[in-house]
Structures are given as C-alpha cells and as structure tokens.
Protein chains: 2
Amino acid sequence: MTAASSRGALTTQSVTAAAVELADDVGLEAMTMRRLAQALEVTPMALYKHVDNREKLIDLMFDRLVIQMAPELAEPDPSSALSGVSDAGSSADWRDVLREQILAARATMMSHPWSFEAIQTRTLASPVVLAYMDRLMGIMFRGGLSADLVHHAMHTLSTRMWGFTHDVLPTPSASEAAAESGGELVSEDAALASFAASFPHIVRMAMTAPGAAGQCDADAEFGFALDILIDAFEQRRLSGWSSTSAHS
Amino acid sequence: MTAASSRGALTTQSVTAAAVELADDVGLEAMTMRRLAQALEVTPMALYKHVDNREKLIDLMFDRLVIQMAPELAEPDPSSALSGVSDAGSSADWRDVLREQILAARATMMSHPWSFEAIQTRTLASPVVLAYMDRLMGIMFRGGLSADLVHHAMHTLSTRMWGFTHDVLPTPSASEAAAESGGELVSEDAALASFAASFPHIVRMAMTAPGAAGQCDADAEFGFALDILIDAFEQRRLSGWSSTSAHS
DNA sequence: ACTGTAGGTGTACGCTGTATACATGTCAAG
DNA sequence: CTTGACATGTATACAGCGTACACCTACAGT
C-alpha cells in the first residue's frame with residue numbers, strides 16, 4: 001500500500017480542490033507543486049499525472065470558482081440549461097438579475113483572494129469562463145439591450161469588474177472547447193457550429209455588434225467606461241449626493 | 001578595468017531603467033535578476049548594491065511609470081508644485097482635466113504591458129503613487145466634489161481603472177515617505193504632519209468623508225461603481241444608444 | 001496466466017532569488 | 001605620500017522552484 005492509496009486516489013478534481021484550499025491558506029505564489037504534493041501526501045510528480053502543469057492547474061482552479069458562481073455551468077452538455085440563469089419568471093428587471101449575478105461573483109472571488117491575481121495572468125478564456133460570460137450576455141439580451149450595447153457593457157464590466165483585458169471571441173481555447181464538447185476530429189465549420197450552440201449570446205454579439213467581429217477598439221471601450229463614471233460623478237456632484245443618504 | 005566600468009557606473013536609476021526596458025521586451029516574469037544583470041553586463045549580485053530585492057525593484061519600476069504619467073511628481077520637494085496639475089486657468093472643466101489625466105495614465109500603462117500585472121501584486125502605495133493619487137483628488141476637489149464623493153470616486157476609479165484594491169491611507173509606506181521627506185528620526189506626530197503637507201488632498205478626504213477614517217466598506221464601494229455602470233447601460237438602452245453615433 | 005496501462009516514485013536538470021565572503025578602485029585624513 | 005575606510009562589483013553557494021525522464025507496480029482485459 002502506497003502513501004497515496006491510504007489517502008484515497010488522486011483525481012484532477014481532488015488535486016484542483018486541494019490546490020484551491022492551499023492557495024486560500026498561503027496565497028497563489030506559495031501554492032507550489034511541491035507544497036501541494038505534500039498536502040496530498042504524495043510525490044510532486046504524481047500531480048502531473050492529473051494536471052498538465054502549474055499554469056493549467058491555476059486555470060482549473062479558476063474554473064472551479066466560476067462554477068461555484070454559477071453551478072449550472074458544470075453541466076458538460078449545453079442543451080440542458082440552455083440559456084441559463086434561473087430567470088424563471090421574466091418579471092425581474094434585467095438590472096437586478098445582472099447585479100445579483102455580479103455581486104455573487106464578487107463574493108466568490110473575495111473569499112478566494114488569489115483569484116484576483118490569477119485572473120490577471122490568465123491569457124485565454126476557458127470554456128467555463130466563456131459559458132459564464134455567455135450567461136451574462138444572455139441576461140442583457142433578454143433585458144432588451146442591443147448587441148452593440150451588450151458588447152460595450154461586457155467590455156466595461158469585464159475589464160473593470162473582473163480584470164479581463166483580453167479578447168472574448170473565438171480563441172484557440174474556444175475551438176478546443178468546441179472540439180471537446182463535440183465528438184472527435186471535426187471540421188472547423190463543425191467546431192464553429194458547436195461553439196455557436198454552446199455560447200449563443202457570444203456569437204450573437206459577435207455577429208451583430210459593429211466592430212466586434214474584427215478586433216475592437218480597446219481605447220474606445222475604455223473611454224466608454226470612463227465617460228460613464230465621470231458623468232455619474234458630475235451628476236452626483238450637482239445633486240448634492242451623499243453616501244449616508246444613499247438611494248437604494 | 002572591470003566589465004562594469006566599461007559600460008558606465010550602475011545607479012539605482014540606471015538599473016530601474018534597464019529593468020523597465022527588459023520587462024517591456026520579455027515581460028515581467030521573464031525579467032529576472034540574472035537576465036537584467038546580463039543586460040547590464042554585470043554580475044547578478046551587483047544589482048543588489050542598488051536595489052533591495054526584486055520586489056522593491058518592481059516598485060521602483062512602477063514609480064518610474066507614474067512619474068512618466070505626471071513628471072512634476074519627480075520633485076522630491078513637495079512645496080514646489082504644491083497642488084499640482086497644469087490646471088493653470090481654472091477655466092477647464094474638472095471632468096476634462098480628469099479624463100485627460102486618466103487617459104494619459106492609461107496610455108503610459110498600455111505601452112508597458114507588464115504594469116498591469118505589476119500593479120496587482122503591489123501591496124503598498126509608494127510615496128510617488130500617493131502623490132499621484134493626491135493629484136487626482138486635487139482635480140476633483142477643485143471641481144467642487146465633496147470629500148465623500150471624492151472618496152467614492154477614487155475607489156471607483158482606482159479599483160477599476162488601475163486595479164488598486166488596497167488602502168490608500170497611512171500605511172507603513174506613508175510613514176516612511178514622511179520620514180524620508182522630513183529629516184531624520186522624527187516623532188510620529190511630525191511624520192503625520194509631513195504626510196499632510198505632502199498629500200493635502202488625501203488627508204482632507206480622510207478627515208472629511210464619512211467612514212473614510214476607519215476602514216471603508218469595500219462592498220459599498222463596489223456597489224457604488226456597479227450601480228453607476230448598470231444605470232448607465234439602462235439609460236443608453238432607453239435612448240437607443242449606438243456606438244457608431246457616439247456623442248462626444 | 002499474460003500483458004498493457006494508469007498512476008504512483010526517484011532522480012536529476014536548469015532555473016530562480018539572494019546570503020555571504022571577498023576583491024578592488026576611489027577618495028579623505030593623517 | 002601613505003593609509004585605510006568605504007562604495008561597488010565579483011564569486012561562490014544554497015534552498016527552492018517547475019518539470020523531463022526513467023522506473024516500478026498493481027490492476028484490467030483478453
């Protein structure tokens with residue numbers, strides 16, 4: 001009997017879970033492969049049987065957080081919870097749904113402080129993250145926002161609220177995602193179709209919003225957000241706003 | 001004649017400058033002490049005569065960027081450019097001044113991509129960063145914003161536009177700053193007074209804004225920003241906004 | 001019973017930041 | 001002019017990192 005077998009078998013899931021726990025305790029930088037192995041009472045190299053490398057592990061850790069924000073994203077089959085969000089009655093204002101969703105995301109990230117650092121260094125959006133963003137866009141589309149506005153809103157929210165700075169649209173990872181969710185070796189067309197099936201709102205936005213298809217103007221996006229904020233400050237200045245008498 | 005002397009003497013400045021250049025080329029993570037030493041044609045340990053350690057070097061690198069955003073902050077003597085910003089004629093709308101300033105900051109950061117990663121991992125605000133923030137607050141105070149609103153606005157802007165998540169007010173670093181700018185060993189009162197002299201707007205905000213003296217409610221700050229954005233989206237939805245016909 | 005494979009171990013390499021001890025060139029005091 | 005302190009660069013070394021590679025070993029399927 002090996003040390004590992006006494007503690008139960010390792011899986012990608014269990015390794016990821018242990019990594020999250022360790023990072024919670026000691027921070028992301030101190031979450032080393034060796035320390036993680038030690039926590040699992042296992043040799044460092046054992047981890048690599050379940051995880052490609054440290055960077056990919058951090059990807060998995062973050063995915064885990066995203067799933068915690070929106071558990072229905074765990075489904076590998078996209079057809080189950082098709083256009084997500086327990087938005088059951090359409091009675092709720094889209095703004096409330098969106099706010100609730102983002103505050104929940106924030107709460108999750110706040111309880112895992114390493115996630116802020118992690119998000120900044122991720123370069124590609126994983127399928128899970130794409131699904132999460134698709135869900136956010138779904139909320140806005142159902143609220144009646146144009147693709148153009150959804151596009152800008154996503155940039156504003158993601159760059160600011162999440163720290164995502166990078167592109168959302170079909171990346172290598174997106175094709176991978178499609179390939180995974182689909183069958184084996186599929187044609188590129190089929191991969192794209194699968195992508196569209198999994199992330200309908202992302203595709204809708206990309207197809208409809210001006211400039212979203214090519215690469216979008218990052219400076220314009222930034223200015224969009226900045227003007228919103230500055231205008232809001234001015235408006236509150238004029239109306240004698242005070243935090244103690246905050247409205248709703 | 002050593003290899004170093006052929007290339008001119010090392011200084012903290014020259015090391016920092018070389019570090020910035022190297023990070024621009026290869027990224028922050030790949031900017032290792034050894035590579036930096038090699039670029040300077042010097043032994044790795046030579047760097048430590050001019051820089052405490054790698055983390056402090058990154059602090060210096062970032063300070064350098066901040067000074068590039070606002071060159072007058074380079075003055076070690078705060079009395080020279082007292083309440084900063086070439087705001088000469090008070091004719092300009094504070095919003096334009098602020099926007100211009102932030103866009104300049106962004107331009108600087110965009111041309112040094114490592115700065116985004118760097119900013120996230122900094123834990124304390126350096127005197128230079130404090131001075132920069134003080135300047136930003138000065139713009140808002142002169143625009144007529146209340147301390148309360150300045151406080152919220154700074155949180156909104158700094159968390160979102162910069163990524164600052166941490167406290168602004170008297171930190172260990174602040175006391176250091178005061179001690180440096182002052183004389184030798186001074187009393188804590190004197191240090192505080194020096195701080196107030198160097199960063200008048202920060203102190204004004206801290207003394208006046210409700211809750212700013214203690215620790216402020218991070219969740220409330222976040223909600224403040226979030227509501228601004230969501231409300232702005234709704235407003236644009238209702239008015240049929242489109243990015244192609246952007247107003248100013 | 002045989003064998004392939006999945007999942008562990010052990011060892012080793014190149015890299016990192018940096019502590020410590022040492023050399024040397026410069027400049028001030030005697 | 002000598003002397004010695006000091007500032008600055010060097011040399012060596014260590015602990016820790018991610019991970020490639022070779023190996024073992026227990027179980028699954030034929």
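Visitor: What is the hand of the crossing in which helix 4 of chain B passes helix 5 of chain B?

Guide: In this predicted model, helix 4 of chain B passes helix 5 of chain B in a right-handed crossing. That word applies if the near helix is turned clockwise from the far one by less than a right angle.

Visitor: Which residues of helix 4 and helix 5 of chain B meet?

Guide: From helix 4 of chain B come B:Leu65, B:Gln68 and B:Met69, and they meet B:Ala104, B:Ala105, B:Thr108 and B:Met109 in helix 5 of chain B. By class, this contact has five nonpolar residues, two polar and no charged ones.

Visitor: What makes helix 7 of chain B roughly perpendicular to helix 11 of chain B?

Guide: The axes of helix 7 (residues 127-142) and helix 11 (residues 200-208) of chain B come within 7 Å and cross at roughly 65°. The roughly perpendicular class runs from 65 to 115 degrees, so helix 7 of chain B is placed in that class relative to helix 11 of chain B. The crossing of these two helices is left-handed.

Visitor: How many residues of each class are in the contact of helix 7 of chain B with helix 11 of chain B?

Guide: There are seven nonpolar, two polar and two charged residues. Among those in helix 7 of chain B are B:Leu130, B:Asp134 and B:Phe141, while helix 11 of chain B brings residues including B:Pro200, B:His201 and B:Arg204.

Visitor: Why is helix 4 of chain A called oblique to helix 6 of chain A?

Guide: Helix 4 (residues 54-69) and helix 6 (residues 114-121) of chain A have axes that come within 10 Å and cross at roughly 120°. The perpendicular class stops at 115 degrees and the antiparallel class needs over 145, so helix 4 of chain A counts as oblique to helix 6 of chain A. Helix 4 of chain A makes this passage in a left-handed crossing. On helix 4 of chain A the contact is made by A:Ile58, A:Met61, A:Phe62 and A:Leu65, and on helix 6 of chain A by A:Ser115, A:Ala118 and A:Ile119. Six of these residues are nonpolar, one is polar and none is charged.

Visitor: How do you know that the two copies are related as by a two-fold rotation axis?

Guide: Chain B can be laid on chain A by a turn of 180° and a shift of 0.0 Å along the axis, with an RMSD of 0.0 Å. The two copies are therefore related as by a two-fold rotation axis. The same surface serves both copies, since 100% of the contact residues of chain B recur in chain A.

Visitor: What does each chain put into the contact?

Guide: Chain B gives 35 residues and chain A gives 35 residues. On the side of chain B that touches chain A, the elements giving two or more residues are helices 5, 6, 8 and 12 of chain B. Helix 12 of chain B gives the most, with ten residues. By class, that side of chain B has 16 nonpolar, ten polar and nine charged residues.

How values were computed
Residues are numbered from 1 along each chain as its sequence is written. Chains are lettered from A and ligands numbered from 1 in the order in which they are written. This is a predicted model: local features need pLDDT of at least 70, side-chain atom pairs count only at pLDDT 80 or more; totals for chains, interfaces and linings use all residues. Axes are lines fitted to C-alpha atoms, for helices over the stretch in contact, and angles run from 0 to 180 degrees between N-to-C directions. Helices (H or I, at least four residues) and strands (E, at least two) are DSSP runs, numbered from the N terminus. Angles under 35 degrees count as roughly parallel, over 145 as roughly antiparallel, 65 to 115 as roughly perpendicular and the rest as oblique. Two residues are in contact if their C-beta atoms, placed from the backbone, lie within 7 Å. Ala, Val, Leu, Ile, Met, Phe, Trp, Tyr, Cys and Pro count as nonpolar, Asp, Glu, Lys and Arg as charged, and the others, Gly among them, as polar. Copies are superposed by least squares on the C-alpha atoms of residues with pLDDT of at least 70 in both.
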